[in-house]
Each structure stands twice: as C-alpha cells, then as structure tokens.
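Welcome, and thanks for taking a look at this one with me.

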Amino acid sequence: MENWSLISLCVLLGLTSRWAVSFHSYSGAGKPPIFGDYEAQRHWQEVTYNLPVHEWYFNNTNNDLNYWGLDYPPLTAYHSLVCAYVAKLLNPEWVELHASRGYESHSHKLFMRATVLFTDILIYIPAVLLYCFYFCDGSSKQKVATALCILLYPGLILIDYGHFQYNSVSLGLALWGTLGLGLGWDLFGCLAFTLTLNYKQMELYHSLPFFCYLLGKCIKQGLTGRGFFHLVKISMTVLVTFALCWMPFLSDPKQPLQVLHRLFPVGRGLFEDKVANTWCSLNYISSYHVCETHLIIAGGHSGIIMLPLLLKDGLLLPYVVTSLAFLFLSLYLLSALERSTEEELRLGLYRKHTQHWLPKLNLSRIIKWKFWFSLVAMAALSFTSVWLKPPAKLPDLFPVLVSVLSFLHFLGFIIYFNQVQLMEPQRKKSLKKTN
Amino acid sequence: MAAPMTNDQSCFFALALGVSFLKCLLINAYHSTDFEVHRNWLALTHSLPVPQWYYEATSEWTLDYPPLFAWFEYGLSHIAWFFDKEMLVVQNLNYASPATILFQRLSVIVADVVFFYAVKECCKCLREDKGKDLLGKPSFILTVLLLWNFGLLIVDHIHFQYNGFLFGVLLLSIARHFQNRHFEGALLFSVLFNLKHIYLYIAPAYGIYLLRCFCFTQSNADGSLQWRSFSVVRLVTLGTIVLSTFAVSFGPFIALGQLPQVLSRLFPFKRGLCHAYWAPNIWALYNIADKAFSILGVKFKLLDINKLPKASMTGGLVQEFQHSVLPSVSPLATLVCTLLSILPALFRIWHRPNGARGFLRCLVICALGSFMFGWHVHEKAILMAILPLSRLLYTVRSVQKNSQQLPIKIFLMLLFTIFSLTSLKTLFRKGGALLNPLEATYLLGLIPLELICEFVYPLTVWQKTFPFLPLMLTSVYCALGVTYAFIRLYISLLTCSDNTKKIKTQ
C-alpha cells in the first residue's frame with residue numbers, strides 16, 4: 001500500500017479517536033459555580049472579545065481575576081479572541097459579557113470541541129507526521145506505525161478532547177521548533193519555539209535544551225566569525241517574535257509586569273490540582289530525540305498520573321479504552337519488548353561499567369519485568385481508585401499513591417534518559433540527514 | 001506478547017481488538033429510537049410471560065422480530081438485571097440511564113464476537129499467495145473491509161442495532177457452504193431467518209442453490225443437471241434441519257394458536273411504499289419521476305392541480321400515499337417486481353451453478369433485488385447486500401442527522417474509502433483500472449452532494465420550506481448508483497464463465 005494512503009489512514013484513525021473521546025464529559029461539566037477548564041477557556045473568549053487589551057490581565061468590575069482570570073501568555077489570549085469572533089457569528093450568547101458565565105449547551109460543546117480539532121489538524125498532526133518521517137529510524141511502514149502510536153497517545157487526547165485544553169497548539173509548536181532545529185532551519189525553529197513559549201509558559205521546561213543546543217552550535221561555528229553572526233540572527237528572531245506578541249502590552253510598563261505576575265503566580269501552591277503533573281508526563285515525550293521503545297515506556301505510564309483528574313471529569317471510560325488501545329497498539333506495532341536488548345536501549349556503555357560488580361545482570365530481562373510490573377501496578381491503582389473507598393483517616397490515599405508511583409517512574413526515566421544522552425557517542429547520523 | 005501466534009492471526013486479533021476499542025469509545029454517542037426498541041423488548045421478554053410477548057403494546061415499538069430473537073433478548077435481559085433493574089420495567093418508556101446505555105452498547109460489542117469468528121472463517125476460504133506483503137493479502141483486506149465496515153459501525157454502534165451479530169451468522173453460513181459443510185450452512189441460515197425474517201429475501205438463493213448443488217449430488221460434464229443423482233436423503237435431512245429450527249422458534253406460538261398474530265407483527269403491510277427517509281431504491285426514482293411529471297403537467301396545464309392527491313411523499317410520517325401521474329404501487333406489485341428481478345439469477349445458478357461463488361453472487365443479487373424493488377425498504381437493508389461481498393456503496397446514512405456524529409461519519413467513511421480503493425487497486429492491479437471514468441465521476445460526485453446537503457443547504461432559505469430535499473436528493477443520487485451496481489452485477493453473474501475470476505467491485 002502506498003505511503004500517502006497509509007498516512008491518511010493513520011491520521012483518520014487519530015482524528016476518529018479524538019472526536020469519539022470528545023463525546024464524553026469535559027472538566028467542570030454541570031458543576032456551578034466554578035466549573036472547570038472548559039469554562040475557563042470560554043471565559044477567556046468572553047473577556048478578550050468584550051474588553052480592550054489593556055484590561056485583559058487586570059482585575060476590575062468587568063474582569064474578575066478570581067474567576068478563571070487569564071494566566072497564559074498573550075498568544076493564548078489572541079487565540080481565544082479569534083475563537084470568540086467565530087463564536088459570536090454562531091451564537092452571541094456564548095460570549096456575552098457576564099451573562100454567558102457558566103454557559104453550557106450541546107451546540108456550544110460542539111463548537112468548543114471543533115476549535116480543538118481545528119488547531120490539532122493545523123499544527124500538531126502535521127508536525128508529528130514530519131517528525132516521524134524525518135527523524136525516526138526504520139522502513140516507511142515503521143515510521144507510519146510510530147506516527148500512529150504518537151497520534152493515539154492517550155494523555156494528549158484525554159486532556160485536549162476530554163478535560164479540555166489546547167495542548168496540541170503548544171506541543172505542536174514545540175515540535176515544529178524541534179523539527180526546525182533538526183532540519184537545520186534554526187531561525188524557523190526559534191520562531192516556532194518562541195511562539196510556543198508565548199502560548200504556554202510551561203514550555204520554559206523545554207527552553208534550556210533549545211538554548212543550549214543553539215548556543216553550542218554557534219560556539220562550534222566560531223564565536224568570532226559565522227557563529228557570532230548566527231547568534232545575532234537567532235537573538236533577533238527571538239526578540240522580534242516576543243516584541244510582536246507583547247506589542248499591545250508594551251505601551252505601559254505596568255502591563256508586562258502584571259502579565260508576568262499572572263503567568264508566574266508565586267503566591268499559589270506547588271501542586272495545582274495535579275494538572276501540573278500532566279506537563280511532566282508530556283514533557284518526557286517530546287523532550288528528547290526518542291522513538292519507539294522509549295516512547296511507549298514513558299508514554300504508557302503517564303496515563304495513570306492523570307487518573308484522579310480524569311475520574312473527576314467523568315472520563316473513566318475514555319481513559320481505560322485509550323490507554324489499553326495505546327499500550328496494545330504500541331506493543332503490537334512497534335514490538336517494543338522484543339527490542340529491549342541492551343544495544344537497542346542504548347545501555348551498552350552502562351552495561352560495561354556495571355559488568356565488574358554485577359556480571360550476571362541481564363538488563364533486557366530486568367527491563368521487561370519492570371515493564372510488566374509497572375503495568376500491573378497501574379492497573380491495580382486504577383481499579384482501586386475507581387471501585388474502592390479509601391480508609392476514612394486517609395481520604396487522599398489513592399491520588400497520593402498515584403503520585404508516588406508516577407514520581408518513581410519519572411525519576412527512573414530522568415536517570416535513564418540522562419544516561420542515554422551522556423553516554424552515547426555523538427549521533428552523526430542526524431546531522432548528516434539535515435545537511 | 002500473548003501465546004505465540006502466526007503473523008496473520010495476530011494481525012486479525014489486532015484489527016478485532018482495535019475496532020472493539022473504537023466501539024467502546026462510541027458508547028456515549030447518539031443513539032436512535034432503536035435503542036428504546038431493544039430496551040422495550042428486553043423489558044417485555046423479561047417481565048411478561050411468553051403468551052403475551054406478541055400482544056404487548058404498551059410501547060409503540062412492539063415485538064416485530066421472529067421468536068428466536070425474542071429468546072435472545074430474554075437471555076440478555078438476565079444479564080441486564082445486574083446492570084439496572086429499572087430498564088426491565090415495561091412501563092419505563094425511553095428509560096436510558098448510564099447503566100442501561102452501557103449494558104446495551106456492550107451487548108452489541110460482545111455479540112460482534114460472532115461476526116469476528118465468521119469473518120475469520122470467511123478468510124480461510126480465500127485463496128492466498130504465500131509470501132505476499134501482509135497489507136496486500138486478500139484475507140487482510142477482507143478482514144478490514146468487514147470488521148471496520150463503516151456502515152456497520154455507524155448503524156450498530158451509533159444508531160444501535162444488532163446487525164453485526166446477525167451478519168456474523170450469515171457470513172458463517174456462507175463460509176460453511178464454501179467449506180462444503182452444507183448441513184451446518186443450512187442450519188445457520190434457518191437460525192438466521194428465525195432471528196430476523198428480513199433474510200427471507202435471500203432464502204430463494206439458498207433454496208435453489210442447496211437443491212441444485214447439494215440435493216443433486218452430481219452434474220454432467222458440461223455443468224448441466226443430472227436428474228438421476230438426486231439424493232432423497234439429503235433433501236430430507238435438510239428439510240428436517242429447517243423444520244426443526246422453525247419448530248423450536250415458532251412452535252410454542254403455534255401451540256398457543258398465536259401464529260396469525262405473530263405473522264401480523266412480522267409483516268406489517270399497513271406501512272407505506274417508502275420509509276419516511278427514502279431508501280435509494282427503484283421507488284425513489286419512481287417517486288421522483290412521478291413528482292417531476294406532476295410538476296411539468298401542472299406547468300403545461302395538462303393536469304389540474306386541484307385533482308392531484310395532496311399527501312406528501314417526503315413527509316416525516318410513515319403513511320400510505322398515492323402517486324399523481326404514474327400508477328400507484330401496491331405491496332403485491334412490489335413483490336412481483338422483486339421476484340421478477342431475482343428470477344434470472346436463480347435460473348442461472350440452477351443451470352450453471354459455478355459452485356459456492358455463484359451462490360454468493362446470486363445471494364447478493366437477491367438481497368439487492370429485494371432492496372431495489374421491495375415494499376417499505378429501510379435504507380439500512382442495503383447492508384445486507386454490502387456485507388456479503390463487501391461492496392462499496394455509499395448509501396448508508398443514519399436516519400436522523402446529528403451534527404455531533406458528522407465528523408465521525410466523515411472520518412470513518414474516508415478511512416473506509418481510502419482503504420478500499422487503495423487495497424482493491426493493489427488486488428486487481430492486473431485487471432486494469434478499478435473504476436471506469438463514469439464510475440469514478442459518479443463516486444467523486446458524492447463529495448459535492450454531501451457538501452451541499454450537509455453544509456450549504458441548511459444555510460439557504462429552502463431549509464425551512466423543504467427540509468427533506470437534501471435527503472431526497474441523496475436518496476435519488478444513490479439510487480442511481482445502486483441501480484447501476486445491480487445491473488452490472490447481474491451482467492457479470494449471467495456472463496461469467498466457470499473459471500474463478502473475481503468480479504470487479506464498484
């Protein structure tokens with residue numbers, strides 16, 4: 001079968017599962033007076049459409065910051081504004097100032113879900129396809145299989161099309177940034193990454209690798225010659241992009257300060273309703289040039305961490321189905337467990353070092369056992385969270401257990417990925433591809 | 001993972017599991033009145049004694065399937081009891097608690113296991129070239145076209161029906177005939193008929209085929225009938241199988257003297273020629289022609305507008321109506337037309353059987369013929385023709401439009417279309433182009449038709465005055481395609497020689 005048809009089939013499968021998940025409930029559905037993230041996004045459309053720019057981030061009678069005040073950078077606000085214009089065309093009641101608070105209807109839900117799908121198709125999905133085709137190893141069929149697995153990653157689907165968010169925009173732009181760097185289009189990569197930073201400030205997590213990579217590249221080219229010139233071009237791209245995004249807020253010095261205050265609320269607690277943890281999980285997927293095996297092991301486990309949140313949103317069924325489907329599909333298509341030899345896990349050097357004190361260590365078998373063990377632990381925790389009541393003295397027992405289990409996993413992944421990164425000989429292959 | 005499976009087996013398992021996951025995600029999608037129909041049947045079979053099953057009329061959705069299906073619902077109702085007892089109360093009309101929805105949807109998903117098994121058996125009957133790439137293998141293609149059939153997915157798992165389960169029984173019966181296990185095939189068909197009597201349409205194909213190819217054990221060298229090879233034993237065995245199935249199914253009701261009542265429920269001829277939403281069959285074209293003539297007649301003053309019947313054919317209620325210019329059509333007329341349409345095919349397999357393959361073609365023609373000319377055909381009946389041969393006919397539409405389901409329908413349809421076209425092209429590479437220019441243009445024409453009906457028309461002024469126009473247009477357009485397919489299929493059946501050449505699909 002030809003490539004284009006395989007790719008179309010993958011994309012269509014991805015789109016079908018996304019829309020099927022969108023039939024289910026969203027965050028804060030039917031829960032006045034605060035509701036949830038869905039209402040937050042609707043409220044931002046209301047605020048950005050009805051109020052002038054200089055009032056968006058400020059507290060006044062028309063804009064109560066305690067009720068889902070804007071706390072993402074300006075690009076999110078502009079996105080909300082565009083959506084609001086469309087909303088106004090379809091039904092002005094959706095963005096009526098004050099009167100539309102808590103508005104819920106079948107057609108409104110359809111509209112909101114459609115906006116997520118639109119940005120997904122526009123930004124995220126093309127990035128995933130290009131990423132798989134340019135940066136993954138293997139035959140074209142394997143690349144398509146990888147693309148399918150990435151597109152069916154449950155975490156993103158559940159949060160964007162269930163809970164309700166626009167992570168596909170920020171992740172997609174970040175992925176475009178990565179693509180740009182990988183293909184040698186540094187300025188394009190910078191532009192994309194700066195845009196994503198201006199969409200969600202969480203992307204700062206990714207900014208260090210970007211910065212270090214680019215700086216390293218410039219230094220390599222010689223800081224007195226081409227390298228310096230390159231550095232200047234990169235800096236100009238970043239600064240101009242920032243300036244364009246923040247332009248409406250630059251007239252008054254109080255504006256950018258207030259925006260920053262909203263973006264980085266140091267006054268709030270460390271754990272904001274466990275949603276912060278979803279970022280951890282999504283980070284590990286896109287932070288590194290990883291494919292296949294690594295993807296599944298990290299990706300498959302990140303679903304569990306969102307379980308308490310998803311249960312609250314009434315998304316148990318999509319959670320179970322998408323997680324099982326993803327795990328099964330990735331195991332089947334990518335035959336991950338067969339590829340867990342030491343060589344493929346790139347732990348060769350690690351093995352050499354430990355050979356002295358632990359000669360009988362069979363790393364690949366250990367990895368396989370660990371995988372199945374954590375799967376069982378995940379399933380058990382899911383089951384208990386749904387069907388068992390926690391003891392009266394420890395009401396948050398299950399969410400805490402979920403967090404602890406996930407933390408241990410992520411700690412393990414950090415150690416693993418860092419080892420791979422540090423111990424690997426320089427990958428000349430990917431550089432050759434781009435030049 | 002799992003036990004060691006061959007590549008093909010694991011692929012089949014992956015496809016089956018994948019589509020089951022998708023079905024689970026569609027649990028909370030829109031469901032039609034058919035959901036309430038089946039809930040009502042669960043309730044009445046559970047709560048009422050058998051003698052009252054075909055008399056019960058609290059709900060408008062009375063039991064109108066044969067007794068075996070009622071027993072099936074009775075069996076399901078015992079499991080339903082554990083999900084939500086309230087759904088089994090007959091008076092709880094339109095009861096749809098989350099547990100009810102979950103149970104009903106799961107029952108369809110689980111019943112589809114029969115369909116999976118049947119598809120697997122059908123794949124065994126295909127000739128395969130070894131060493132071919134998995135994605136190009138006929139068994140893989142057939143599996144996807146059947147398991148991921150978008151029409152079946154939409155009708156069963158959104159609209160709500162048990163077609164997957166029933167088609168599983170049909171496909172299994174066909175597979176058994178291909179495997180020369182004719183007694184089992186006959187038994188399965190009898191069971192199928194007693195589950196849903198719409199399969200009466202294809203009973204002639206079964207009857208003629210079994211009589212010709214099974215009861216007459218041998219043919220002459222030129223393929224003609226050898227009268228002396230008639231086996232009474234086989235005929236009697238077949239008869240016993242069929243009759244005993246009917247006895248198990250209808251027996252209790254015959255004993256209670258309720259047969260006329262059961263039959264009146266099964267064959268409600270009071271309904272109109274066309275369903276509210278026209279099935280794209282010959283009568284859609286007939287109606288359109290009649291409407292066109294009446295409009296032209298009034299315009300050219302050949303007809304008096306006051307003398308024309310006022311009843312609307314495109315109205316939302318199921319009712320009888322009169323045609324204005326062309327002669328009105330009665331149930332008997334449609335029966336005669338249906339029989340006439342399938343007789344040539346039946347003669348053909350009588351004279352030149354061509355084995356199980358010829359039987360399958362005849363079966364499809366019988367199904368299509370009854371769709372084309374039948375009385376009160378529901379557009380879902382086209383599935384009966386599509387699935388046996390996995391044809392690509394775009395005539396399945398949900399009865400009610402619901403914009404939330406629209407993207408799913410589009411995605412699944414595109415998925416199915418792209419897959420069918422590319423895989424069938426691979427399969428029939430040697431036979432030249434898959435579609436001739438006319439066929440390709442017709443299929444492409446579906447895109448603007450769909451765009452106009454779903455997006456452009458609702459924005460026009462006519463949406464309020466003629467709300468059913470888009471559906472009518474779609475039905476008529478599809479009717480042209482179905483008619484064309486019917487004629488082409490007929491030609492290929494009547495002209496095909498005995499060597500096993502696969503026919504091209506549209």
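1. A definition to begin with: two residues are in contact when heavy atoms of theirs lie within 4.5 Å. With that in hand, take the contacts in chain A that have a separation of 6 or more: 75% of them are between residues 24 or more positions apart. Please keep in mind as you read that this is a predicted model.

2. Next, the make-up of chain A. You will find 19 helices and zero strands in this chain. The chain has 435 residues, and 53% of them count as buried. Its accessible surface is about 20,400 Å², with 69% belonging to carbon and sulfur atoms.

3. Now to the place where the two chains meet. On the chain A side 32 residues take part, in contact with 33 residues of chain B. The size of an interface is often given as the accessible area lost when the parts come together. Here chain A and chain B bury about 2,900 Å² between them, and carbon and sulfur atoms account for 81% of that area.

4. What about polar links across this interface? The rule finds two residue pairs in polar contact between chain A and chain B, both at pLDDT 80 or more. Which elements of chain A give two or more residues to the side that touches chain B? They are α1 (3-22), α4 (106-135) and α15 (316-334). The largest share, 14 residues, comes from α1(A). Sorted by type, the residues on this side of chain A are 21 nonpolar, eight polar and three charged. As for salt bridges between chain A and chain B, the rule finds zero.

5. The loop between α1 and α2 of chain A deserves a moment of your time. A:Pro33 lies in this loop, with α2 covering 37-50, and a cis peptide bond with omega of about -5° joins A:Pro32 to A:Pro33. A:Phe35 is found in the loop between α1 and α2 as well. Although A:Phe35 is not a glycine, its phi is positive, at about 65°. Is A:Phe35 buried or exposed? Its relative accessibility is 18%, and buried means under 20%, so A:Phe35 counts as buried.

6. Finally, a stop in chain B. B:Phe160 belongs to helix α6, which is made up of residues 150-160. Its phi is near 100°, a positive value in a residue other than glycine. B:Phe160 has a relative accessible area of 0%, and is therefore buried.

Technical notes:
Residues numbered from 1 in each chain as written. Chains lettered and ligands numbered in written order. Predicted model: local features only at pLDDT ≥ 70, side-chain atom pairs only at ≥ 80, totals over all residues. Heavy atoms only, no water. Buried area = accessible area lost by both parts, 1.4 Å probe. Salt bridge = Lys/Arg side-chain N within 4 Å of Asp/Glu carboxyl O. Polar contact = N/O pair within 3.5 Å; in protein donor to acceptor, adjacent residues only side chain to side chain. Helix = DSSP H or I, 4+ residues; strand = E, 2+ residues; numbered from the N terminus. Nonpolar A, V, L, I, M, F, W, Y, C, P; charged D, E, K, R; others polar. Buried < 20%, exposed > 50% of the residue type's maximum accessible area, 1.4 Å probe, protein only. Areas by Shrake-Rupley, 256 points an atom, 1.4 Å probe, with all protein chains shown as cover.
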